[in-house]
Structure formats: structure tokens, C-alpha cells
Amino acid sequence: MSDHARPSFPMLPYLTLQHAFLAALIVLRPRWPFRLGAFTAYGFSLMYALRCSTGNSFRDHTLGCILLGHFFTAIHLIWITNPIKEFMHERDRIAPERLPFDRRALWALCIFNNPRGVGWNYQLSNIPSRPSEPRWTFVRERLKSAFRWFLLVDLMQLVERTFPQRGADFASLSLHGCTQRCCTIGAIAMQYYLLAAGSVALGWFSPSDWPDVYGRLSDAYTLRRFWGRTYHQFMRRYLGSLGKVACRLFNLQSGSWASSYLQLYVAFAISGLIHCGGDFMANPALFGASFPFYISQAIAITFEDVAIGVAKRTQIRWSELFARRVGYAWVLISQVVLSTLYLNWLMRAGLAARDRMSFSLIDALGSIASTGLSSSSFYTPLA
């Protein structure tokens, strides 16, 4: 189905109504038959939204992932937990059930849009430390961070234009897979820091509400630590709760080997499914193109665990520095190899060679420099 044949996505009305509807469900928490009916209606509205288009495939893919992320967040908050009874913010002074409806709904929206639980009693572990600098220092530093991530995306786009993809050879696929991964990582961080700087500048939030989007790169000496500490944790809230539900369904003991790996594969399967929502919204024919990349991460982590277990059984004393260097090399090589799978949906959509950002600072500066050189060639100094 081409973009021209698909209805235009009414972004602002849909997201406004979706948030209001889900906030009311969280706050009112009707008996399960009514809750199921309301949730089914929400599901049908989501199916309609995924068949719409914004007219930009990159934007469609991002929006599809966000909408599926909202769906699993809603499952977590409406079916697995009871936020009104279980959650509390550090600045709450009275119990949420005692608030008037409008304030309870706003309170529920804050939970819905705070996936890492910063400042809440469900705050995730291993997220970066919370900032404590003054307001305008925070704004200035986050704008600098956003600009640095913008430059990374701009640089990666320059690399793609300089070395266009040729055929399906591994070197070309891995290069473009890595640049696309860097573009995604950079775009997420750039938007996060712009939102953080803007909301704090306007006085809507305090700096402590906005920890860094990514953890320390030095923590990523295993794939498990990369995904659990260094990469953003925006999905971990519902991935963790759904994994635990799966373990209860199979009556697996908490902390057991089977429980650990079931949660691992459930987490990456759901993450892959969420990105399949992006595939579908970008082009329904692409549904499933993103899934192999995410499930392959779970397989790689399983291999990693086996390798670490074998290394420990050899009883060879490895220095911590050497072990970490091997770990960093493994994480880098595995991500380079698996990045070829990340490129799948982009290649099938014909977007692998298309820029994500319409403006390039590097191109603009290069154009100014070349224009200046061209102008100077007309100047001939007097003898």
C-alpha cells in the first residue's frame, strides 16, 4: 500500500485522545469486563493508526514503534499493576486516590510517560545518576549534548553519502548497518536532550527529572550489560513485567536458569515486535523485517553466557583488564556483525541511502568553504 493510498495520520488528535483515554482507564480501573471492552476499543484504534501515514517513512517507523510501546505500557499499567495503589512519587504529599479526578488523571499521565520511573518508587535500577546542577547550567549543558549528538548523526549521513552501499557484500552491509544504528542512537539522544532542556527552561520539570539517556560506555563489556546498563532503558519497565508474567504462567521459580532465559527471550521478542509495528507503519509489506535483529541479540547473549561459563570452568586466571578488553572487542564485533540485520527494513523500504535529517551542517559548512575558495580564485594579487 503506497503512502498516497493510506489515510493521513491525525497525530495530535490521536495522541491526545489516546493519552486521555488510557489515563482515565488507569485512574478509574473499572471491573475487568468493562476494562476489557475499553482496552479492545483502544486496540482497534491502534490498528487504524498503524495503517495511516505521516508521508515520511522514517517518521512512520518511529511513530509505529512509539505506538506499540504505548500499547505494552498500557498492558503493564492497566492489567499487570495497579498504579493508584502501588505507585508514589517523591513529591507526592497525599495518596493519589484522594486527589480529584483531573489531578489523578494528570498523575497517571506522568506515570505513563515516565518509563524509567525517575523519582517514583518503581524507578529502574542502573539508570544514570540524577543531575543536580542549577537550572540554566543544566539547560546549557543539555543543549550542548543535543548539538554533539546532532553532529554524530550528520557525520554518519556524510559517511553514507561518501561510501554508498554497493551490493550485498558484508563490508558494505556492516558499514551501513553501523551508520544507521549510530543515526538511531544519536537521534534518540538528540531529541531527549532537546526535550529535557526545553522542559526545564520552561519550568515544567527540574534537572533531577532528566538523567542522561544512556549509561556509561565503560559498562558495556558484555552484551547483557550493554543492553541492561549502557543503552536506554525506556522499554525495560514493561519488558520486565511481561517477562515475569510469562515465568508465572510456566510456573518457573524466580532466579532459576529457565526463568532468566525465558525473561531474556520474552524481552527481546517483544522489543522486536514493537519495532515490527514501525515496519508495518512504514509499509505494511515490511512487517517483521526488524524482528531478526532483536531476537539475534538474545541468541548472542546466550552464547556470551555459555562462553563466560566455560572460561570460568577453565580456572585460568584472567586479569580484569584483559577480560574487559576482550569483552569490549566482543560487544563491538557482535554489534557490527548483527548491524547487517538492522539494515533489513531500510533496504527493503528503499531508505538505506536516504538522509534522516533534511539539514546538514557539515554540507552547509563545506558549501560555504568551497564557495569561498571559488571566489578567491578570481582574485589576482598585484605584482
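# Close-up views of helix contacts, domains and annotated spans

**View 1. Contact of helix α3 with helix α10 in the predicted model.** On the α3 side, the residues that meet α10 are Ser57, Asp60, His61, Leu63, Gly64, Cys65, Leu67, Leu68, Gly69 and Phe72. Their partners in α10 are Ile270, Leu273, Ile274, His275, Gly277, Gly278, Asp279, Met281 and Ala282. By class, the contact of α3 with α10 has 10 nonpolar, 7 polar and 2 charged residues. Helix α3 covers residues 57-80, and its axis lies 7 Å from that of α10, at a packing angle of about 140°. The two helices are therefore oblique to each other. The crossing of α3 and α10 is right-handed.

**View 2. Packing of helix α9 against helix α10.** Helix α9 spans residues 236-249 and helix α10 spans residues 257-282; their axes are 8 Å apart and form an angle of about 130°. This angle makes α9 oblique to α10. The crossing of this pair, α9 and α10, is right-handed. From α9, the contact takes in Tyr238, Leu239, Gly240, Leu242, Gly243, Lys244, Ala246 and Cys247. These meet Ser259, Leu262, Gln263, Val266, Ala267, Ile270, Ser271 and Ile274 of α10. The residues in the contact of α9 with α10 are 10 nonpolar, 5 polar and 1 charged.

**View 3. Crossing of helix α1 and helix α5.** Helix α1 (residues 11-28) and helix α5 (residues 101-112) cross at roughly 110°, and their axes come within 8 Å. That angle makes α1 roughly perpendicular to α5. The α1 residues in this contact are Gln18, His19, Leu22, Ala23, Ala24, Ile26, Val27 and Leu28. They meet Phe101, Arg104, Ala105, Ala108, Leu109 and Phe112 in α5. The contact of α1 with α5 comprises 11 nonpolar, 2 polar and 1 charged residues.

**View 4. Domain 1 and domain 3 in contact.** The domain assignment divides the protein into domain 1 (8-123), domain 2 (129-213) and domain 3 (215-352). A distance of 26 Å separates the C-alpha centres of domain 1 and domain 3. Across this pair, 27 residues of domain 1 are in contact with 21 residues of domain 3.

**View 5. Spans annotated as transmembrane region in UniProt.** The unreviewed UniProt entry places this feature at residues 34-50, 62-81 and 327-347. In the model, residues 62-81 are 95% helix and 0% strand, with 27 Å between the end C-alpha atoms. Residues 327-347 are likewise 95% helix and 0% strand, and here the end C-alpha atoms lie 30 Å apart.

View 6. Over residues 210-285 the model has 63% helix and 0% strand, and the end C-alpha atoms are separated by 38 Å.

Note on methods
Residues are numbered from 1 along each chain as its sequence is written. This is a predicted model: local features need pLDDT of at least 70, side-chain atom pairs count only at pLDDT 80 or more; totals for chains, interfaces and linings use all residues. Side-chain values use heavy atoms; hydrogens and water are left out. UniProt positions are given in the numbering used here, feature names are shortened, and annotations may be inferred rather than shown by experiment. Helices (H or I, at least four residues) and strands (E, at least two) are DSSP runs, numbered from the N terminus. Axes are lines fitted to C-alpha atoms, for helices over the stretch in contact, and angles run from 0 to 180 degrees between N-to-C directions. Angles under 35 degrees count as roughly parallel, over 145 as roughly antiparallel, 65 to 115 as roughly perpendicular and the rest as oblique. A crossing is left-handed if the near helix is turned anticlockwise from the far one by less than a right angle, and right-handed if clockwise. Contact means heavy atoms within 4.5 Å. Ala, Val, Leu, Ile, Met, Phe, Trp, Tyr, Cys and Pro count as nonpolar, Asp, Glu, Lys and Arg as charged, and the others, Gly among them, as polar. Domain bounds come from an automatic or database domain assignment.
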